[in-house]
Amino acid sequence: MRAMVARDESGQAALLLALAAIVLMAAAGLAADSGWTFVQTQLTQNAADAAARAAAREIVYQQFASADTSGTTLAETNLSVPTTQHSAILSYSSIPAADPQDESVWYSGPPSASTRTARARVQVTFGTLFMGVVGIQTKTVTATSVVTIYNTTPFPSWDTLFPLA
């Protein structure tokens with residue numbers, strides 16, 4: 001009869017614990033970066049909405065030359081979190097409720113009295129929190145907002161009904 005020799009199994013629990021810790025930290029990092037991406041997406045959409053509304057307001061008040069500046073300034077103000085890089089591009093169309101994807105109906109530059117739609121595209125590139133470990137150093141999110149102007153007659157309570165900041 002053969003004698004059974006017991007193998008030394010000490011240390012296996014430590015190995016399994018180390019592997020589980022790595023998986024848990026990776027999952028926590030992914031969750032944190034996913035949450036950070038969600039926050040950045042919301043901030044970028046808010047900035048695009050504010051930029052389009054600011055440009056539309058300038059069009060309603062027939063301040064055509066300052067529409068781009070107002071929209072861009074307000075977009076940057078709404079991007080309060082430091083980012084690696086951001087840009088806000090405003091464009092206009094004389095077609096009410098123009099399709100935001102159809103580039104043929106949009107023009108850049110100052111709007112005119114015939115402008116009926118303002119579009120703002122804001123793009124933000126930001127650093128990741130934990131995913132740099134696997135080579136993802138930055139992420140980029142883009143938001144688009146379109147405002148259609150149906151009535152170009154300003155009314156006195158615009159600022160109290162729709163505050164921009």
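1. The aromatic pair. The structure holds one aromatic pair. Its members are Tyr92 and Tyr107, with ring centres 6.2 Å apart and planes at 50 degrees, so the pair is tilted. Planes under 30 degrees apart would count as stacked, and over 60 as edge-to-face. Tyr92 lies in strand E1, whereas Tyr107 lies in the loop between E1 and E2. The pair therefore ties together parts that are 15 residues apart in sequence. Please keep in mind throughout that this is a predicted model.

2. Exposure of the two tyrosines. Tyr92 is buried, with a relative accessible area of 0%. Tyr107 counts as partly exposed, at 29% relative accessibility.

3. Overall layout. The protein chain has three helices and three strands. From the N terminus on, the order of elements is α-α-β-β-β-α. Of its 165 residues, 29% count as buried. The accessible surface comes to about 10,300 Å². Carbon and sulfur atoms account for 62% of that surface.

4. Contacts along the sequence. Take the contacts between residues at least 6 apart in sequence. Of these, 63% join residues at least 24 apart.

5. Ser93. This residue sits in strand E1, which covers residues 85-93. Is Ser93 buried or exposed? Ser93 counts as buried because its relative accessibility is 0%. A polar atom of the Ser93 side chain lies 3.1 Å from the backbone nitrogen of Ile95. Leaving out residues up to four places away in sequence, Ser93 touches Ala98, Val105, Trp106, Tyr107, Thr115, Arg116 and Thr117. Tyr107 in that list is also a member of the aromatic pair with Tyr92.

6. Helix H2, length. H2 covers residues 67-78. Does the length fit, or what span should one expect for its twelve residues? At 1.5 Å a residue, they should span 16 Å. The end C-alpha atoms of H2 are 17 Å apart, which agrees.

7. The buried residues of H2 are Ala67, Gly71, Leu74 and Ala75. They cover an arc of only 105 degrees around the axis, which puts them on the same side of H2. These buried residues pack against H1, E1 and E2. The face turned away from the buried side carries the exposed residues Thr69 and Thr77.

8. Gln62. Please look at the backbone here. Gln62 has a positive phi of about 55 degrees, although it is not a glycine. Gln62 is placed in the loop between helix H1 (12-60) and helix H2 (67-78). At 53% relative accessibility, Gln62 counts as exposed, because the cut-off for exposed is over 50%.

9. Ala97. The backbone deserves a look here too. Ala97 is not a glycine, yet its phi is positive, at about 55 degrees. Ala97 lies in the loop between E1 and strand E2 (117-127). Tyr107 of the aromatic pair belongs to the loop between E1 and E2 as well.

How values were computed: Residues are numbered from 1 along each chain as its sequence is written. This is a predicted model: local features need pLDDT of at least 70, side-chain atom pairs count only at pLDDT 80 or more; totals for chains, interfaces and linings use all residues. Side-chain values use heavy atoms; hydrogens and water are left out. Helices (H or I, at least four residues) and strands (E, at least two) are DSSP runs, numbered from the N terminus. Buried means under 20% relative accessible area, exposed over 50%, partly exposed in between (1.4 Å probe, protein chains only). A polar contact is a pair of N or O atoms within 3.5 Å; within protein, one must be able to donate a hydrogen and the other to accept it, and residues adjacent in sequence count only if both atoms are side-chain atoms. Contact means heavy atoms within 4.5 Å. The expected span of a helix is 1.5 Å times one less than its number of residues. The arc is that of the directions from the helix axis to the C-beta atoms. Accessible areas come from the Shrake-Rupley method with a 1.4 Å probe; for residues, only the protein chains shown count as cover. Rings of Phe, Tyr and Trp (its six-membered ring) pair if their centres lie within 6.5 Å; planes under 30 degrees apart count as stacked, over 60 as edge-to-face and the rest as tilted.
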